[in-house]
Amino acid sequence: MLEMFEYEFMQRAFIAGIFIAILASLSGTFIVLRRYSLISETLAHSALVGVAVGLVAGYNPLWMAVIVAIASAWLIEYLRSSFALYSDAILAILLSGSLAVAVIIVSLGGAFNNSLFSYLFGSILSVSDSDVMTIIIFGSLSLLFLLLFSKELYFIAYDEEVAKTSGVKVKFLNFLLVTVVAIIIALSIRVVGSLLIGALMVIPTVAALQYRVGFRATMLISLFFALFSVVFGMMLSYYFSLPSGATIVLAVITIFIISLFINNK
Amino acid sequence: MQLKFKVPIFDIKNLSFIVRGQTILQHITFQIFHGEYIAIIGPNGGGKTTLIRMLLGLEKPTSGEIRIFGKRLKDFKEWHKIGYVPQRASHVDANFPATVEDIVKMGRIAKRNLFAVMSQEDKAMVHDAMVKMDILDLKDKMVGTLSGGQRQRVMIARALASSPEILILDEPNTGVDVKSQQRFYKLLAKLNKEEGITILFITHDIGVIADDIGRLFTINQKATICNNPKEVLSCEEMSELYGIEAHLIHNHRHEH
């Protein structure tokens, strides 16, 4: 069973996957608790615009994905705070808008091919050395932010106004949180794929919430579920030659269903 | 009333709040001093909550000035001195992953430094607040499983953990049974008398607490300030503004 680690591509995929599992579940906890789960889907589609530009223009698609996802996250926050629009409507508009732009860029550039397919659904074969480096650099910065401000982010998730009246810099931290989520999503599309990363952000936390335990325990359970799903999903992907995003998502959904049943009997 | 300091905690001058041409509050002027125990009453939609939200910087007044501890609101940084318990406090989302202790610990966040974990002092303050609110035995319980009265005490413990000089509560008794309400008012009176914490709260059941409070503000677009709530019926404008409620108070007082 361990022979798969003899392949360098599997080593890279595992390093990237484990990093992403940690980042997606930690940031996902705050997103879910704030009833903001849909932002992960929208940012994933925005990241796809970056991938499209990268593929067509010959830049590093992962870097482009990070840049476009951050720009999209800022645009969402700007629209949310400056106009009287429902935030779920903003997310829906940007989601389809991004996908439309990505498809047009890819069509015009003639890049509809396997490479694009791997960005949609994830591929353990495609993780390069430079991808791993990008994931480690941006991922470490994101992780540092999440760990430093976890108490404040938790407070904001609990009650934004009370947090504000307690002197927490709510606006600034919200802005940083969506930025970090954008980065994490963009980094994840190599392994999980842009159509499936939302699930890895949201489902481990929703599954962990079923156990009705305190903040720290919920985070740890969510982290464990995400790690398990990514590792197990990548192994399935290796043995059955399936897109890794799909196997990871099915693994995490299975965990969710089990959690739901054992806690709601 | 003993005034420990000359600088008022809140100094409100000529405050008005107008939304889309509709006047919610106009020309509100008052001061709140250290050690006071003040109740705010008034009809629904009269602007009570808006007023409190302006004091906390959550709404911007259309005109007028707010000073907190002598500073202008935008220059005020010591938010840990103010403990706020919002109206919806007792209706926490039942699935929110928080133990009682998790919530009370939030009260220490305003004072913490970056990188700092909970210090011994933080832990002591959290413990102290739970003891004062009599919720220490609930500390590992999930807030979603508590009764309305218990949750209310958790929310106040969170506010107390930052060692505030003033507690501001918005209809703290919504969704709380009568027995817990009485216990709650005793706790508030105790915090005010023994800890010297200034208390400002919105309520609609003034009768229960009329004996403890120092001043009564009636808010209905304008503010009417009643310095002796025991003679609440003689506050002429108040009966005018709030006739029915004044009658209720009258009945309550006979029962006691």
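**View 1. Strands E4 and E5 of chain B within an antiparallel sheet.** Strand E4 (residues 63–68) of chain B pairs with E5(B) in the antiparallel sense over 2 bridges, where strands (E, at least two residues) and helices (H or I, at least four) are DSSP runs numbered from the N terminus, and two strands pair if DSSP finds at least two bridges between them. The model is predicted: local features need pLDDT of at least 70 and side-chain atom pairs count only at pLDDT 80 or more, whereas totals for chains, interfaces and linings use all residues. Residues are numbered from 1 along each chain as its sequence is written, chains are lettered from A and ligands numbered from 1 in the order in which they are written, and side-chain values use heavy atoms, with hydrogens and water left out. Ile68(B) stands opposite Lys71(B) in E5(B). The open sheet is formed by 4 strands of chain B in the order E2-E1-E4-E5, with antiparallel pairing; its edge strands are E2 (22–32) and E5, each of which pairs on one side only.

**View 2. Strand E1 of chain B and its two partners.** Strand E1 (residues 10–19) of chain B is joined to E2(B) by 7 bridges, the two running antiparallel, and to E4(B) by 5 bridges, again antiparallel. Val19(B) stands opposite Gln22(B) in E2(B), while Phe10(B) has Ile68(B) of E4(B) as its bridge partner. E1(B) and E2(B) form a hairpin with 2 residues between them, and Arg20(B) in the turn has a positive phi of about 45°.

**View 3. Salt bridges of chain B.** A search of the whole structure finds 18 salt bridges over all chains, each being a side-chain nitrogen of Lys or Arg within 4 Å of a carboxyl oxygen of Asp or Glu. The side chains of Arg108(B) and Glu121(B) meet in one of them (4.0 Å, N to O); because Arg108(B) lies in the loop between helix H2 (100–106) and helix H3 (120–132) of chain B, and Glu121(B) in helix H3, the pair ties together parts that are 13 residues apart in sequence. Arg108(B) counts as buried at 3% relative accessibility, the classes being buried under 20% relative accessible area, exposed over 50% and partly exposed in between (1.4 Å probe, protein chains only). Glu195(B) and Lys132(B) also meet through their side chains in a salt bridge (3.2 Å, N to O); Glu195(B) lies in the loop between helix H5 (178–194) and E8 of chain B and Lys132(B) in helix H3, so this pair ties together parts that are 63 residues apart in sequence. Glu195(B) is partly exposed at 41% relative accessibility, and Lys132(B) is partly exposed at 29%.

View 4. Patches are made of residues with over 30% relative accessible area and no salt bridge, like charges being joined within 9 Å and nonpolar side chains (Val, Leu, Ile, Met, Phe, Trp, Tyr) within 5 Å. Lys169(A), Lys71(B), Lys74(B) and Lys77(B) form a positive surface patch. Lys77(B) lies in the loop between strand E5 (71–72) and strand E6 (82–85) of chain B and, at 61% relative accessibility, counts as exposed. Leu250(A), Ile253(A), Ile257(A), Leu260(A) and Phe261(A) make a nonpolar surface patch of about 450 Å². Leu260(A) is placed in helix H12 (residues 244–263) of chain A and is partly exposed, with a relative accessible area of 31%.

How values were computed: Areas by Shrake-Rupley, 256 points an atom, 1.4 Å probe, with all protein chains shown as cover. Lys, Arg positive; Asp, Glu negative; His and termini not counted. Charge placed at Lys NZ, Arg CZ, Asp CG, Glu CD.
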